[in-house]
Amino acid sequence: MLKLFSVSSAVSLCALTTTVVAMEIPHDFHVPFTPENAIIGHYSATKKPVLSVKSGAVVRIDGGGGQRWGEEDPDTWLKANKIPATLASTPALAETVRVLKETPRAEGIPSGHLIVGPIYVEEAEPGDSLEIRILSVTPRIPYGTVGGRPGAGGLPDLVPRPFNFIVPLDLKRNAGVFDANVEVPLGPFMGVMGTCPADSEGPTRRSGPPGVFGGNLDCKELVAGTTLYLPIFQKGALFYTGDCHAAQGDGEITVNAIETANTCTLQFILHKGKKLNAPRAETATHYLTFGLDPDLNKAMRMAMLETIDFLKEKQGYDFFRAYALSSIGIDFRVTQVVDGTQGVHAMIPKKLFLKDATTYWYR
């Protein structure tokens, strides 16, 4: 049996992180944001691990700016997007610029997410699963950006020119100030959290499309207090994270959330012999399953099948009963439509289950 957070534990964590003002969560290790710890635009099974941990370790990780950086000079990008000097000079952003300039880029992958890793989990092997308890996620700079460009996003044909908006973050009030009349509640999370993909996906698997290993899921439910479960495909799991967000709507339709720089604190728990076919997650109130495919209809189909499999495992249902419950009690949401591989996630309410609703993932 694979034990999960109890409701009381998850609710306690959520209560601690209702606002996103920085707090120090006790941790065993700290991974700073440096060129040695970063990688641009892809995952690598051969990059030297930034850290090796045993199951149960708690790790604080500093992530860089969430912007999908291209080949342009970062100083030029800051100027072109009219980032005020008072914001551009914050330590975390200056750190991001330095890492961008000093981190080598893989051949054929000049741009992409700025991610951190890998973290090596001792005794992890292909066929196991990795539980990631998200203990805290806190923005490290006082603003984020959201924008788009021609040919990208959910409306690629309707964007005539690149655009970008600065969204100041009021961490004390837990708000992103979109303009004088509109504020967006903050829900910081890491857009990228994944184990290293299987060798069959190539030696430099791009970070843009998510996959069964997780990666760029861009799921706004993966905030502090949530637990993510990922299949393992490489020895040591080789966990990567990045693509820092302060808030996002389901769909992420321009290609961006509020892109910022976060510090996250994660606990890694290894489950030997517990095989998963795709990511799963758990909040205080819901279980989540995921569907991923370049075709949104096929992503929906995968999410339905993953949900039916979950209900078979948890409740012992046959196909017909699981399919029926999925139709009357479970919401299917579009996670994102902009990452090449598109996403759908199912929100399975724990309150549906009258017994053991919060104790075990598997029966």
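Predicted model: local features only at pLDDT ≥ 70, side-chain atom pairs only at ≥ 80, totals over all residues.
**Ground rules.** I number residues from 1 along each chain as its sequence is written, and I keep to heavy atoms for side-chain values, with hydrogens and water left out.

**Overall.** I looked up the secondary structure and found six helices and 21 strands, where helices (H or I, at least four residues) and strands (E, at least two) are DSSP runs numbered from the N terminus. Of the 363 residues, 56% count as buried; I take buried as under 20% relative accessible area, exposed as over 50% and partly exposed as in between, with a 1.4 Å probe and protein chains only. I also noted that, among contacts between residues at least 6 apart in sequence, 79% join residues at least 24 apart, a contact being heavy atoms within 4.5 Å.

**Strand 7.** I count two strands as paired if DSSP finds at least two bridges between them. Strand 7 is joined by 10 bridges to strand 17 (residues 262-271), running antiparallel, and in that pairing I find Glu131 opposite Ile269. Strand 7 also runs antiparallel to strand 15 (residues 227-231), with five bridges between the two, and here Leu130 faces Leu230 across the pairing.

**Sheet 8-9-10-11.** I traced an open sheet of four strands in the order 8-9-10-11, with antiparallel pairing. Its edges are strand 8 (143-148) and strand 11 (182-185), each of which pairs on one side only. Neighbouring strands in this sheet are turned by 30 degrees against each other on average, direction ignored. I then checked strand 10 (residues 175-179), which pairs with strand 11 over four bridges in the antiparallel sense; Val177 has Glu183 of strand 11 as its bridge partner.

**Helices 5 and 6.** I looked up how helix 5 (residues 296-315) packs on helix 6 (residues 319-329), and read an angle of about 120 degrees with the axes 9 Å apart. The axes are lines fitted to C-alpha atoms, for helices over the stretch in contact, and the angles run from 0 to 180 degrees between N-to-C directions. The two helices are therefore oblique to each other, since angles under 35 degrees count as roughly parallel, over 145 as roughly antiparallel, 65 to 115 as roughly perpendicular and the rest as oblique. The contact is made by Thr307, Ile308, Leu311 and Lys312 of helix 5 with Phe319, Ala322, Tyr323, Leu325 and Ser326 of helix 6.

**Backbone details.** I found a cis peptide bond between Gly117 and Pro118, with omega about 0 degrees, and I place Pro118 in strand 6 (residues 114-121). Glu123, in the loop between strand 6 and strand 7, has a positive phi near 75 degrees although this residue is not glycine; Glu123 is exposed, at a relative accessible area of 62%. Leu238, in the loop between strand 15 and strand 16 (239-245), likewise is not a glycine and has a positive phi of about 55 degrees, but Leu238 is buried, at a relative accessible area of 5%.
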